[in-house]
Amino acid sequence: MQTIYAMHQNGSDQVEKEQRFLFNSIDIIQDLYLMMLSALIELGIKEAEYLQRASQKHLATAAERNPNHKFVNNAVIQLLSKSELLQQAVDKRKVNHWKLNDDYILVLLEATKSNPLYQAYMEEPTTSFAADRDFIVALFTEVIVPNEKLYAHLEDLKLTWIDDIPVVNTYIVKQLTGLSSADQQLKLPMNYRDPEDQEFAEQLFIKTVLNEVELAKYFSDKTPNWDIDRIAEVDTIILKMAICELLHFSSIPVKVTLNEYLEIAKEYSTPKSSIFINGILDNLVKEFKSTGKMQKIGRGLI
């Protein structure tokens, strides 16, 4: 939807070029994921370096000579640091951003150490994997994710990450929460569930773009109180994509299509758009069923 909207705004008709942009924006979600996880590792590294320097000061205090390494030795941070799969992915995709921009890690470290969550964790005399994990999940959720400087920095790096950041962070929280002491590696996610998943993204984009005029005809006469030019552009794109999915993707249930596009409308368009879009799509589904234009394969797909 965003790629098609960008095409309209730029007046572009270069489908192949825009398709490459679409898939690149999907691909670099992996970089964002790796960067957010790497931030946890870098926090541990920076704190270890700080403790080492402090212990070597000429007039080091007793606390500095015998520092509390609980955060540095946190079981989850250690698991991430030692994960070969994670390191291989970081090396392969050359995600070394924090090494070159450690000032943001220092900002996060300062925010971490000044937070009561950190102080309570460090003062607890005993620990366990579960306690370490729960602390990291809380730290990530309450300190790292809401950090405005970090968010602004990521937004500046890649414009398409604005919408990807919440998705990636939610996934990481779920992943961290599911870790146990038996885990030796971190299972890395894939951008696509399978080859069919990637093919769906490609075909939905191409079929919508190449058939925009035809797709618009289906709802242009369903809005008697609206001039087609007055409908929000995002709404027209959502309608075209939904109609394309209804007519050209026989394995996707109607309810799934309707629910997905109504959610997109709620997220990206005007407050009343979901009601407007729902009314048009409901009428079109009835029409497609009665005329036999919409063919769905498999039980329960209608």
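Me: Where is Y218 found?

Reply: Y218 is found in helix 14, which covers residues 212–220. Keep in mind that this is a predicted model.

Me: Is Y218 buried or exposed, and why?

Reply: The relative accessible area of Y218 is 15%. Buried means under 20%, so Y218 counts as buried.

Me: What is Y218 in contact with, leaving aside its neighbours within four places in sequence?

Reply: Y218 is in contact with I243, L247, L284, F288 and K293. As for K240, it sits 22 residues from Y218 along the chain, and the two C-alpha atoms are separated by 8.8 Å.

Me: How about S274: why does S274 count as buried?

Reply: Its relative accessibility is 12%. The cut-off for buried is under 20%, so S274 counts as buried. S274 belongs to helix 17, residues 273–291, and touches L262, A265 and K266 if you don't count residues up to four places away in sequence.

Me: And what makes Q9 partly exposed?

Reply: Q9 has 48% relative accessibility. Buried is under 20% and exposed is over 50%, with partly exposed in between, so Q9 counts as partly exposed. Q9 lies in helix 1, residues 2–10. In sequence Q9 and E233 are 224 residues apart, yet from C-alpha to C-alpha they are 9.9 Å apart in space.

Me: On to helix 8. How do you know that its span agrees with its 12 residues?

Reply: Helix 8 takes in residues 102–113, and at 1.5 Å a residue its 12 residues should span 16 Å. The expected span uses one less than the number of residues. The end C-alpha atoms of helix 8 are 16 Å apart, so the two agree.

Me: Which residues of helix 8 are buried?

Reply: They are I105, L108, L109 and T112. Around the axis they cover an arc of only 105°, which puts them on the same side of helix 8. In general, an α-helix has 3.6 residues a turn, so residues three or four places apart point the same way.

Me: What do the buried residues of helix 8 pack against?

Reply: They pack against helix 3 (29–55), helix 7 (97–100), helix 9 (116–123), helix 10 (129–144) and helix 11 (148–157).

Me: Why are helix 3 and helix 11 called roughly antiparallel?

Reply: Their axes cross at roughly 150° and come within 12 Å. Angles over 145 degrees count as roughly antiparallel, so that is what helix 3 and helix 11 are to each other. The crossing of helix 3 and helix 11 is right-handed. The contact is made by L32, M35 and M36 of helix 3 and by L150, L154 and L157 of helix 11.

Me: Then why are helix 3 and helix 5 called roughly perpendicular?

Reply: Helix 3 and helix 5 pack at an angle of about 110°, and their axes are 9 Å apart. The range for roughly perpendicular is 65 to 115 degrees, so helix 3 and helix 5 are roughly perpendicular to each other. Their crossing is left-handed. In helix 3, L37, L40, I41 and G44 meet I77, L80 and S81 in helix 5.

Me: Which residues of helix 10 are buried?

Reply: Among them are F129, D132, R133, F135, F140 and I144. The buried residues of helix 10 pack against helix 3, helix 5 (75–82), helix 8, helix 9, helix 11 and helix 12 (161–177).

Terms used:
Residues are numbered from 1 along each chain as its sequence is written. This is a predicted model: local features need pLDDT of at least 70, side-chain atom pairs count only at pLDDT 80 or more; totals for chains, interfaces and linings use all residues. Side-chain values use heavy atoms; hydrogens and water are left out. Helices (H or I, at least four residues) and strands (E, at least two) are DSSP runs, numbered from the N terminus. Buried means under 20% relative accessible area, exposed over 50%, partly exposed in between (1.4 Å probe, protein chains only). Contact means heavy atoms within 4.5 Å. The arc is that of the directions from the helix axis to the C-beta atoms. Axes are lines fitted to C-alpha atoms, for helices over the stretch in contact, and angles run from 0 to 180 degrees between N-to-C directions. Angles under 35 degrees count as roughly parallel, over 145 as roughly antiparallel, 65 to 115 as roughly perpendicular and the rest as oblique. A crossing is left-handed if the near helix is turned anticlockwise from the far one by less than a right angle, and right-handed if clockwise.
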